[in-house]
Number of protein chains: 2
Amino acid sequence: MTGAILWFTGMSGAGKSTLATAVGARVSAHRPVEILDGDVVRTQLSKGLGFSREDRDTNVRRIGVVATLLARHGVFVITAAISPYANIRDEVRTMAEAEGIAFLEVFVNPPLAWLIAHDVKGLYKRALAGEIAHFTGITDPYEAPTAPDLDIRTDAESVEQSADRIVTLLQARNLIVPT
Amino acid sequence: MTGAILWFTGMSGAGKSTLATAVGARVSAHRPVEILDGDVVRTQLSKGLGFSREDRDTNVRRIGVVATLLARHGVFVITAAISPYANIRDEVRTMAEAEGIAFLEVFVNPPLAWLIAHDVKGLYKRALAGEIAHFTGITDPYEAPTAPDLDIRTDAESVEQSADRIVTLLQARNLIVPT
């Protein structure tokens, strides 16, 4: 089966990792899955990189390289990194599609007000207080996708509902076979 | 089929990339192959890293992480990086074997005198003149494997002969099926 990359993008706390895990569990019933989580990648592949635009771009490009390597061999890859800059996301899409790999961009998109209100790690509070430089959406840019394959309002629907919508899309694109 | 990592180690100019290409072509008749070449990895995954011990270790560990990700999904991975330090090679072996991935260390091992005499890129000459800091084997350590799965004397046998010996080993380990 052709490789595929399901690329989540969205701000910190939006629910990317949770959704990646939920979708990964469903897809793995059908085909091999690998999740490249932003935090794990930062440790294993990008230690030493910071959060400047250049370093973020390097990190995202690197995730794209590894995702493409895996997808080339039929793996269904799910990435869950903020990936705030549109042109690097597009660069990765181009790289993947050049190899015949399906690339789906999923915007994990609760409103900023919701993220600030549900600030589990207390990061938004600190960023708003000016204590975190380069915090995406507050002190650093987030370039929302203009034409994502799916827009997921994690504030308005459950993880199960979101995962269902994604699986439905994957079936429609023939990336998993309906059971 | 279980994933496998064929890990070449040896000094610059020893013939790692050439041998990786030759073995890759043979193995790809039997199963999916991916070659992680040292120079390519430096560009795609390790840009910004230098040649200090710490940076070399980070680079090799990173190759190990990506090789393990691929091998986890049944890919036959061939790495061709100098990987001069024994304990990081051992660390990668441990990481791979913990997942049931076969790990074979192949020492690409022409004598230093031969490398200096066949100095295609002129690097040894420059290193011996003191113009390159951190040049493995001259101004930087190379820790030879003490118990490699194979020791390849690229000075004394052809690429075809070396590739034959490696393929024979892979068949003996049931990593490819004899044709």
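Select A:Ala4 in this predicted model, and then A:Ala102 in β4(A), which stands opposite A:Ala4. Extending the selection to residues 4–9 and 102–108 of chain A shows strands β1 and β4, which pair in the parallel sense over six bridges.

Next, display the whole sheet of chain A, an open one in which five strands follow the order β2-β3-β1-β4-β5 with parallel pairing. At its edges stand β2 (33–37) and β5 (150–152) of chain A, and because each has a single partner strand, one side of each is left without a neighbour in the sheet. Viewed along the sheet, neighbouring strands are turned by 20° against each other on average, direction ignored.

Helix α4 (residues 86–97) of chain A, to be selected after that, lies across β1 and β4 of chain A and runs at about 155° to β4(A).

Finally, bring in chain B, where the contact takes 16 residues from chain A and 16 residues from chain B, and where the area buried between the two chains is about 1,500 Å², with carbon and sulfur atoms giving 62% of it. Two salt bridges are found across this interface; select A:Glu34 and B:Arg72 to see a salt bridge whose closest N and O atoms are 2.6 Å apart. On the side of chain A that touches chain B, the elements giving two or more residues are β2 and α3 (53–72) of chain A, and α3(A) gives the most, with six residues. The residues of that side divide into nine nonpolar, three polar and four charged.

Technical notes: Residues are numbered from 1 along each chain as its sequence is written. Chains are lettered from A and ligands numbered from 1 in the order in which they are written. This is a predicted model: local features need pLDDT of at least 70, side-chain atom pairs count only at pLDDT 80 or more; totals for chains, interfaces and linings use all residues. Side-chain values use heavy atoms; hydrogens and water are left out. Two strands pair if DSSP finds at least two bridges between them. Helices (H or I, at least four residues) and strands (E, at least two) are DSSP runs, numbered from the N terminus. Axes are lines fitted to C-alpha atoms, for helices over the stretch in contact, and angles run from 0 to 180 degrees between N-to-C directions. Contact means heavy atoms within 4.5 Å. Buried area is the accessible area (1.4 Å probe) that two parts lose on being put together, summed over both. A salt bridge is a side-chain nitrogen of Lys or Arg within 4 Å of a carboxyl oxygen of Asp or Glu. Ala, Val, Leu, Ile, Met, Phe, Trp, Tyr, Cys and Pro count as nonpolar, Asp, Glu, Lys and Arg as charged, and the others, Gly among them, as polar.
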